[in-house]
Amino acid sequence: MNPVKPGETARTPWIVGVSGASGTPYAAAVLRALLAAGESVDLVVSRASRLTLLDETGISFRDAHWEADLREWLSRGADGKPGTFQVDIAGVRHWSAGDLAAGPSSGSYPVKGMLIVPASTACVAGVALGLSKDLLQRAASVTLKERRKLVVAVRETPLNGQTLRHLVALDDAGASVVPASPGFYAGATHIQDLVDFVAGRVLDAAGVEHGLYRRWTGELGNGT
């Protein structure tokens, strides 16, 4: 477990927001790595993302059965194969996306920061404009106003000028914008390797230690 730092409580979680963009395997990889690092997680799964999750994995994410649904989701590899991972979700607390009275809606609720993965262009726009249509957007706005770490893993292509301006606004506000853009220099041989690379870069931006991908050493040919 990570040590408690000054100003933190015994449970000072990372908020992980999952929006409706394609890329639910990225979110799963980030969640697994956070838990493996001994971090606590407050999870917010938007309504739109539940449709994406159902489409990409066949899993229905239900508030009343979130623990069972989350276990099934996190156990799957990026290729959709069940039982690929064994994950202890004891460190996860789930908040309904419609619960605007939830802990993460207030700046007095102690958290380390927030990771939005994947982030849709609609989510990017909502956060950049300071909207709070749901808990995900509200938590992101609180994260920015409290000057906490916000990482936005945008997953869309191509990007139009409006979205690019929203991303610049987020960067100006102190957020880290991490496009869900896999790198190949780490020697990827499987779809999970590409997913883990993006998840690892998200965690790099958050300052969370992990071993999801092989880092560049300055020597050519190590990726083969």
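Q: How many of the six residues of S5 are buried?
A: Strand S5 is mostly covered, with five of its six residues buried. Buried means under 20% relative accessible area, exposed means over 50%, and partly exposed lies in between (1.4 Å probe, protein chains only). Helices (H or I, at least four residues) and strands (E, at least two) are DSSP runs, numbered from the N terminus.

Q: And what kind of model is this?
A: This is a predicted model, in which local features need pLDDT of at least 70 and side-chain atom pairs count only at pLDDT 80 or more, while totals for chains, interfaces and linings use all residues. Residues are numbered from 1 along each chain as its sequence is written, and side-chain values use heavy atoms, with hydrogens and water left out.

Q: Back to S5: do S4 and S5 run parallel or antiparallel?
A: S4 and S5 run parallel and are joined by five bridges. Two strands pair if DSSP finds at least two bridges between them. Glycine 113 stands opposite lysine 149 of S5.

Q: How many bridges pair S5 with S6?
A: Two bridges pair S5 with S6 (residues 176-177), again in the parallel sense. Here valine 151 faces serine 176 of S6.

Q: Is the β-α-β unit of S5, H6 and S6 right-handed or left-handed?
A: S5, helix H6 (residues 161-172) and S6 make a right-handed unit. Right-handed means that, with the strands pointing away from the viewer, the path from the first strand over the helix to the second runs clockwise.

Q: Which residues of H6 are buried?
A: They are Thr163, His166, Leu167 and Leu170. Seen down the axis of H6, these buried residues fall within an arc of 100°, so they line one face of the helix. The arc is that of the directions from the helix axis to the C-beta atoms. On the other side of H6, Arg165 and Asp172 are exposed.

Q: What covers the buried residues of H6?
A: The cover includes helix H4 (121-128), helix H5 (135-145), S5 and S6.

Q: Different helix now. Which residues of H2 are buried?
A: In H2 (residues 47-57), the buried residues are Ser49, Arg50, Thr52, Leu53 and Thr57. Seen down the axis of H2, they fall within an arc of 160°, so they line one face of the helix. Arg47, Leu51 and Asp55 are exposed on the other side of H2.

Q: What follows H2?
A: Glycine 58 follows H2, and its phi is positive, near 80°.

Q: Which residues touch the most other members of the largest nonpolar core?
A: Leu34, Leu43, Leu70, Trp73 and Leu115 do, out of the 39 residues in that core. A nonpolar core is a set of buried Ala, Val, Leu, Ile, Met, Phe, Trp, Tyr and Cys residues joined through side-chain atoms within 4.5 Å. H1 gives the most to this core, with nine residues. Apart from it lies another core, of 24 residues, among them Ala102, Met114, Cys123 and Leu150.

Q: What does leucine 70 touch?
A: Leucine 70 touches Leu31, Leu43, Phe61, Ile89 and Val92, not counting residues up to four places away in sequence. Contact means heavy atoms within 4.5 Å.

Q: Last one: does aspartate 196 count as buried or exposed?
A: Aspartate 196 counts as buried, because its relative accessibility is 13%. This aspartate 196 lies in helix H7. Aspartate 196 touches Ala29, Leu212 and Tyr213, not counting residues up to four places away in sequence.
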